[in-house]
Every structure is written in C-alpha cells, then in structure tokens.
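Please look over the structure below.

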Amino acid sequence: MNVNGEEDLELQALQRQLDDAFETTRPRPGFDDELWLRMQGSRPAPRRLRDAWAGLVQGIRAVPVVPASAVAAVLVVALLLVMVGRTLHLNTGGSGAGTALNPAQAPADRSLYAGSFGRVPTPAFAAPGLPSGSLPSSNQGSAAAAAPRYTWTGTFTLNIATAPVFRYHEPSTNAADQFATALGAVLQERPSGFLGSYTAADYSLKVRGTVQSPPSSPAYFIFSSTAMPAVDAAGAGPIDQANVFLAQHSLTPQWSYTVEADTSSDPVQVHYDRQFDVPGYGPAYLVRSDGARDGLQVSLSANRPVLASGLLPMGLDVADYRLVSAEEAIRAALAASGPAAGGPSPTPINLSQAEVVYVLVPAGDHSFYEPAILFTGTITQNGQTQMRRVLVPAVDPSQRTP
Amino acid sequence: MDADRPPFEDLYRDYMGRIYAFVRAQVGSSSDAEDITAQVFMNAYQAYARFEARNATPSAWLFRIARNATLDHFRAQGRRDRLRRTIEHQPVAEDDPAGQAEERIQYRALLARVAQLPERQREAISLRHSGLSFDEVGKLIGCSEDAAKMLYHRALKALKEAVQKEAL
C-alpha cells in the first residue's frame with residue numbers, strides 16, 4: 001500500500017471515530033427535561049394562557065361529528081367481535097387485568113397464530129452498530145463509510161417458542177394527577193409536551209406520556225429544590241441512599257429490577273434496570289432503541305438526591321406471541337451489515353453474545369413492550385476494542401404489521 | 001403556524017443532542033456546553049415564530065444560533081480562560097472496567113483535541129460531523145462549498161497529526 005493510500009485509510013478511520021464521537025456525545029440524563037422545563041417557564045404568562053386556550057379550542061375542534069348511524073354500526077361490529085372471541089375462547093386481554101395466555105396453548109401452525117392484541121407493530125431501532133444512545137446520523141456520506149459487516153461467533157439458543165407482549169393505554173392527565181397526588185404533589189400547570197407539572201415541599205415533578213421518536217416510555221421526573229435534605233443514613237452507599245429516598249417518597253419500583261451505581265462522576269447515578277419475566281427463559285431487561293437499559297435513575301450529589309426519573313407506573317395487559325427462532329434472529333442481525341461491494345471496506349464487527357430483551361413500541365392510544373434480541377459484539381479500530389449493539393425484533397414477522 | 005415549520009418540540013427532540021455535541025466539541029467542557037446549549041434553545045424558542053423555513057433548514061438555523069452563542073461565550077470568557085479550562089477538562093485515564101465507559105473516554109479525548117484546533121478548522125469539523133452538508137457549513141462560516149471542503153480536509157489532517165503526536 002502506498003503512503004497516500006495508507007493516509008486515506010487513516011483519515012477514513014478518523015472520520016468514523018468523529019462520527020461516533022458526535023453521535024454519542026450527549027448531555028447528562030435529565031438535562032433535556034430540565035431545559036425543556038426552563039424553556040416552558042420562560043414564556044410570559046399571557047402567552048402561556050393563550051397557548052393553553054388555543055390547545056383547548058383545538059381539542060374541542062378535533063372531536064369529529066359522528067353520525068348516530070355510524071356509532072350504531074360500530075357498536076354492532078364490536079358486539080359481534082366480542083361474541084366471536086368468546087366462542088373461540090380467545091384471551092381478550094382486559095384493561096389492566098394482567099391476563100396471560102399459557103404458552104402451551106399456542107397453536108402449532110405459526111401462520112395462523114396471533115396473540116390476542118392482533119398483529120403488533122414492528123419496533124424501530126436506532127441505526128445498528130451504534131455504540132450507544134443516539135439517533136442515526138443524517139450525515140449520509142460518513143454513515144456509508146462506516147457501514148459495518150457483522151459476523152456471529154457466539155452461541156445462542158432460544159428454548160421458548162412464545163413470549164409475552166405487554167400493552168398499555170396511553171396515560172391521561174387524570175392518571176398523571178393521581179400519580180402526583182399519591183406522592184403529595186400539587187398540580188401547577190400543564191406545559192406543552194407534558195401531562196402535568198407539580199410541586200411538593202422539596203421538589204418539583206413533571207409527568208410525561210409516551211414519546212414516539214426516539215421511543216420513550218411514559219415517565220416522571222423529580223427535580224429537587226434546595227429544601228431537599230441529604231439522605232441521613234450513616235455508612236450508606238449510593239444505592240442505599242437511593243433506596244431510602246425512593247422509599248421515603250413512595251417511589252420504590254413495583255417491577256423487577258437489578259440495581260447498580262455509577263460513581264465515576266458527580267452526580268453519582270444509581271440505575272434501576274427494569275426486567276420482564278419471560279416464562280421458560282427468565283428475566284429480560286427493558287432496553288431503549290439503542291440497546292441501553294431503561295428503568296429508573298436517581299442522581300445523588302453530596303448524598304443529596306438531585307434528580308430522579310423513572311417509568312410511570314401503568315397497568316399492563318399481556319398476551320403471548322410466537323417468536324422467531326435463534327437462527328432467524330442471528331440471520332436478521334447479520335443482515336444489518338453494510339453493502340458487500342462498492343464503497344469503502346466495511347468495518348468488521350464480531351457479534352458474540354445475544355439475549356432476550358424488551359423494547360417499547362409506541363402505537364398511539366395503546367403502546368407495546370415487545371420482546372427483541374439484543375446482540376452485542378466488539379469492533380477493533382486503531383488497536384482499540386469497542387462495544388457495539390444490534391437489536392432485532394423477536395416477535396415472528398407473521399405476527400407483526402410490516 | 002407556518003405549514004413548512006415543524007413544531008418546536010420536534011426540533012428540540014431531534015437536535016438537542018446534536019447541538020450539545022457540537023458545542024461540546026467547541027468548548028471542551030461539559031458544564032459550559034450545557035450552559036451554551038440551554039442558551040441556544042432558549043434563544044431559538046423565543047425566535048421560532050420568526051423562523052422562515054424557505055430561507056434555511058431548521059438544522060442550519062439552529063446551528064447558526066449555536067455558533068453565535070459559542071462565539072459569544074468565547075468573547076465573554078476570553079481565549080486564555082478557555083484554553084485554561086480546556087486543559088483542566090482534559091480526560092483522565094479513569095479506571096473504569098466497562099467497555100462503554102472506555103469508549104466514552106476515548107471520544108471525550110477526541111472532542112477535546114477538536115476543541116484545540118484553530119477556530120475555523122474546529123467549526124468545519126464540528127459542523128460537518130453534526131450532519132451538515134458542505135454547502136451549509138460554507139454558508140455558516142462564510143465561504144464557498146469548495147472552500148468548506150478544503151478547510152474540512154485540512155482540519156482532518158491537522159487533527160490526525162495531533163492525535164498521532166499525542167500517541168507518541
């Protein structure tokens with residue numbers, strides 16, 4: 001290789017590193033919500049009032065005029081569907097009832113089988129191979145240069161044919177108010193983009209519904225005021241302090257989780273990573289579209305909780321859905337590789353581990369937590385080894401909408 | 001609302017992280033980057049009613065505000081102060097067992113090196129890798145598309161040399 005060719009390769013490698021650096025450099029967790037709150041608060045009061053009024057008027061106008069005959073027709077169809085459903089002994093997944101199909105009841109013919117939610121939406125993931133939480137870059141030229149080529153060297157067996165899919169109703173302002181009231185917080189306003197903003201003695205609280213893109217679960221955010229005391233627990237580490245804070249504020253997660261603390265910077269972050277139980281498999285983490293685990297975070301500075309953000313408690317319906325096989329999942333992950341010919345040489349990425357996880361799939365009034373397979377691997381660039389993740393849907397394609 | 005103008009919420013969701021990364025590569029300090037990013041979006045939020053989509057893409061409009069805010073920051077702080085803080089925020093070799101953390105440190109180091117490039121080179125690299133076209137980069141820093149390309153490539157080579165020098 002001549003000197004120029006070698007230099008070109010080095011520059012391409014540097015460009016890829018810059019792409020990754022810019023795609024993955026993000027502010028600390030919670031900063032975006034804090035800033036959004038500040039922006040909302042910066043609006044003059046008359047403008048806030050005008051926006052609230054405009055929103056109300058728009059909401060009223062948005063309600064369509066429905067002819068009585070159309071309502072009658074919908075009711076008849078709904079009644080027929082209920083009767084047919086009962087005849088076939090299908091599980092209808094009642095609201096908040098937490099009902100589940102027994103996997104053994106799943107029909108053998110996968111083309112006919114569909115869970116009781118009907119076909120579920122297909123999840124959208126961040127560009128495969130991104131190192132961590134970022135949207136795909138709009139820099140197409142550089143993205144093409146970084147097109148990865150995946151290989152699979154691990155062992156992955158999936159001994160289950162079905163797994164639960166969870167569904168929730170989009171939380172209303174009433175649900176947000178109930179959550180806040182249970183914590184002792186009082187409604188202040190309903191800023192754009194949030195279900196409500198509330199205050200308590202030593203913190204302010206914001207509650208938000210589902211975010212479509214990048215997909216994000218309904219969540220709450222607690223911002224401590226200066227009145228928030230430090231956690232007084234002699235000899236307690238950050239996890240103990242976070243546990244005490246959550247217990248004092250009735251925020252201890254009611255779902256399964258693992259907990260770990262990141263003490264590498266100030267504030268210290270305590271992460272409670274949510275898990276779903278998959279019969280026959282075990283616990284599966286909830287992850288964001290970039291593969292990072294999701295759940296609840298408490299930030300502590302000098303033993304004082306400064307921010308807590310977590311999943312809004314919601315009732316979940318559940319129904320079992322048929323999964324792809326391990327081989328099909330591996331093929332799907334490898335298919336995420338860049339073009340085989342033309343352009344610069346693809347970057348080789350060795351995928352070696354796989355696990356079942358859950359991802360949020362927003363879908364309007366109802367959204368879903370669906371199983372997916374998270375592949376992780378490594379890439380070596382300039383003598384440095386880095387981690388990469390690839391997510392593929394786990395629900396069988398015949399059970400999903402395209 | 002202008003039919004061509006997306007809701008500000010969408011703009012905020014799509015660009016907040018990218019603007020932060022752009023600013024972070026300019027100032028080399030996460031706390032300064034947060035302050036400037038906040039200023040950028042406060043300004044943009046106030047001015048959005050006057051934004052006309054036919055004159056610029058939302059991306060170019062936001063990055064112009066970000067660039068101006070960053071320049072204001074430098075003017076206010078002074079170049080010497082900025083260099084001092086850049087050096088203070090040089091990444092340290094933290095003993096973190098997680099591969100991801102190593103990756104973050106490596107990228108932080110790379111952005112710190114970008115922050116030490118001459119102003120126009122730094123801007124060319126940061127804007128280009130924030131997703132802007134060379135045409136948009138040129139318009140923002142006041143030169144032609146071809147000149148922006150040349151500036152970018154010179155900056156890339158300078159960065160490579162800086163990286164190699166530090167590795168020795």
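Contact here means heavy atoms within 4.5 Å.

## A serine in strand β4 of chain A

The model is predicted. S197(A) sits in strand β4 of chain A, residues 196–199. Its relative accessibility is 9%, and the cut-off for buried is under 20%, so S197(A) counts as buried. Neighbours within four places in sequence aside, S197(A) contacts L37(A), V186(A), L187(A), Q188(A), E189(A), P191(A), L205(A) and K206(A). A176(A) is 21 residues from S197(A) along the chain. The C-alpha atoms of the two are 9.3 Å apart.

## Chain A overall

Chain A has 15 strands and eight helices. Of its 402 residues, 45% are buried. Among contacts in chain A with a separation of 6 or more, 67% join residues 24 or more positions apart.

Helix α7 of chain A spans residues 238–248. Buried in it are Q241(A), A242(A), F245(A) and L246(A). Seen down the axis of α7(A), these buried residues fall within an arc of 130°, so they line one face of the helix. What does that face meet? After α7(A) comes S250(A), with a positive phi near 55°.

Strand β11 of chain A also holds S309(A). S309(A) has a relative accessibility of 18% and therefore counts as buried. Residues up to four places away in sequence not counted, S309(A) touches Y220(A), F221(A), G295(A), L296(A) and Q297(A).

## Helices α1 and α2 of chain B

Two packed helices are described by the angle between their axes and the distance between the axes. In chain B, helix α1 (residues 8–27) packs on helix α2 (residues 30–47) at about 145°. Their axes are 9 Å apart. The crossing of α1(B) and α2(B) is right-handed.

From α1(B), the contact takes F8(B), Y12(B), Y15(B), M16(B), I19(B), Y20(B), V23(B), R24(B) and V27(B). From α2(B), it takes S30(B), D32(B), A33(B), E34(B), I36(B), T37(B), V40(B), F41(B), A44(B) and Y45(B). The contact residues of α1(B) and α2(B) comprise 14 nonpolar, two polar and three charged.

## Helices α6 and α7 of chain B

Helix α6 of chain B (residues 119–128) and helix α7 of chain B (residues 134–141) cross at roughly 140°. Their axes come within 10 Å. This crossing of α6(B) and α7(B) is right-handed. R120(B), E123(B), A124(B), L127(B) and R128(B) make the contact on the α6(B) side. F134(B), V137(B), L140(B) and I141(B) make it on the α7(B) side. Six of the contact residues of α6(B) and α7(B) are nonpolar, none polar and three charged.

How many of the ten residues of α6(B) are buried? Eight are, so α6(B) is largely enclosed by the rest of the structure. The buried residues of α6(B) are Q121(B), R122(B), E123(B), A124(B), I125(B), S126(B), L127(B) and R128(B).

## The interface between chains B and A

The size of an interface is often given as the accessible area lost when the parts come together. Chain B and chain A bury about 3,900 Å² between them. Carbon and sulfur atoms carry 60% of that area. In chain B, Y45(B), Y107(B) and H129(B) lose the most area to chain A. Together they give 18% of what that side buries. The contact involves 41 residues from chain B and 44 residues from chain A.

How values were computed: Residues are numbered from 1 along each chain as its sequence is written. Chains are lettered from A and ligands numbered from 1 in the order in which they are written. This is a predicted model: local features need pLDDT of at least 70, side-chain atom pairs count only at pLDDT 80 or more; totals for chains, interfaces and linings use all residues. Side-chain values use heavy atoms; hydrogens and water are left out. Axes are lines fitted to C-alpha atoms, for helices over the stretch in contact, and angles run from 0 to 180 degrees between N-to-C directions. Helices (H or I, at least four residues) and strands (E, at least two) are DSSP runs, numbered from the N terminus. A crossing is left-handed if the near helix is turned anticlockwise from the far one by less than a right angle, and right-handed if clockwise. Ala, Val, Leu, Ile, Met, Phe, Trp, Tyr, Cys and Pro count as nonpolar, Asp, Glu, Lys and Arg as charged, and the others, Gly among them, as polar. Buried means under 20% relative accessible area, exposed over 50%, partly exposed in between (1.4 Å probe, protein chains only). The arc is that of the directions from the helix axis to the C-beta atoms. Buried area is the accessible area (1.4 Å probe) that two parts lose on being put together, summed over both.
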